[in-house]
Structure formats: C-alpha cells, structure tokens
Amino acid sequence: MKLAAVIVAGGRSSRMGQEKAFAEIGGRHILARIIERLAPQVTLVAINANGPAGRFSGTGCPIVADRPGGVATPLAGLHAALQFAVDRGFDFVLTVPSDTPFLPRDLVMRLAAADSPAAIAASGGQAHYLTGLWAASLLGEAVAALGMAHVPRMQDWVERARAVVVDWPVEPYDPFFNVNTPDDLAEAGRIAAEFQS
C-alpha cells in the first residue's frame, strides 16, 4: 500500500495573529515537528496551502493548492490531498491539520489497521475530522461534495465516507492537541518541555 501524507495548512490563523504552522515550540516550528512525526510513517509528505508557496521552500515538501475558485473549507484541502494521491499513484493519503505538533508516531499504523477506505482519529471523546486516512478512490465523492449547493462540513463528509473512528488516549497529553491561540502555544511549550516531545 503506497501512502502519502498531506498537511492541510489552509486556515486563516486569525486567533493566532500569525500563520500557525510557523509558530515555534521549543525553538522549532509546528510544521517542522509535524513533518518529523509523519515522514517515517509515509512515502512522501506534502503541504496543502494557498498563496505564495515560497514560504514553505525550506521544508522540501511538494505544495498542493486547492482547486482554483474552490470554496474555503477543510473539505477543499481534503480534495486537494486526494487529487495529489491519485496524480502521484498513491493508494491512500493521510491528512492532518497544520496546528497539531504532537501527532502520534503510530498514527498511520493504527488508522490503516481499521482496514477501511476512510478512518479518522479521535481522543478524549472528540473526533478529529481532518486527521484521517483516506483511500484515493474517494476522490470522485469529494469532487461531488464540493460541487453541491451546500458544501458538506467535514463531519458530514466523514459520515458520508463511513469513516471508522480510531481512539487514542489523552494521557499523559492529548496527541492531537491543536494550537489555535497564544495560550495554546504556551501550553504546547509546556508539554514539549515536560515530555521531551
């Protein structure tokens, strides 16, 4: 099974005041931490982002933009990831948001063990709709969903795709902790320092 990962960095980061992917935790960008977590688990890591691609040039990752004229929704990022997988001949693509610095090192293994065309992560009773492993064959359904008059939310898409939910423990910390605010960034710094993560 050929696997790629796409980090979805399409959000506006309005609560952070800066692009979340480039916020630093322990002297390292969140994006660098995510790439380090994902690279051993997949064949290739790419970044879904719009705007100037040059800001990601230091990552060495291919940049995958949303389709032109598309709607600003996480589903557009998933569509771009699925299209990338199909174009590059991957069987599955993992998607993760660009604000989750502590992703589990067994993320792909456990999602793949669900043996389903779609599987998403959950922790602490919370489903993480964008953190999922998707069969490239779902591309047609994603195209159809984006063409609807009312584009489905990610949670609706997950339901349509009949995704299996795979749960992770939240001790000693939530591996899907996401950084949305300066307070979250401070807490991420504490987690990284305490657990050498």
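The points below concern salt bridges and one aspartate in a predicted model.

1. The structure contains seven salt bridges. One of them joins R55 to E19, with 2.9 Å between the closest N and O atoms. R55 is found in the loop between β4 (44-48) and β5 (63-64), and E19 in the loop between β1 (3-8) and β2 (24-25), so this pair ties together parts that are 36 residues apart in sequence. R55 is partly exposed, at 30% relative accessibility, and E19 is likewise partly exposed, at 26%.

2. A second pairing, between E194 and R190, lies within helix α6 (residues 182-195), where the two residues are four apart, about one turn of the helix. Their closest N and O atoms are 2.5 Å apart. E194 has a relative accessible area of 49% and counts as partly exposed; R190 is also partly exposed, at 41%.

3. E36 and R37 form a salt bridge whose closest N and O atoms are 3.9 Å apart. Salt bridges link E36, R37 and R105 in a network.

4. D99 counts as buried because its relative accessible area is 6%, below the cut-off of 20%. Apart from neighbours within four places in sequence, D99 is in contact with K20, I30, I34, F177, N178, V179 and N180.

Methods:
Residues numbered from 1 in each chain as written. Predicted model: local features only at pLDDT ≥ 70, side-chain atom pairs only at ≥ 80, totals over all residues. Heavy atoms only, no water. Buried < 20%, exposed > 50% of the residue type's maximum accessible area, 1.4 Å probe, protein only. Contact = heavy atoms within 4.5 Å. Salt bridge = Lys/Arg side-chain N within 4 Å of Asp/Glu carboxyl O.
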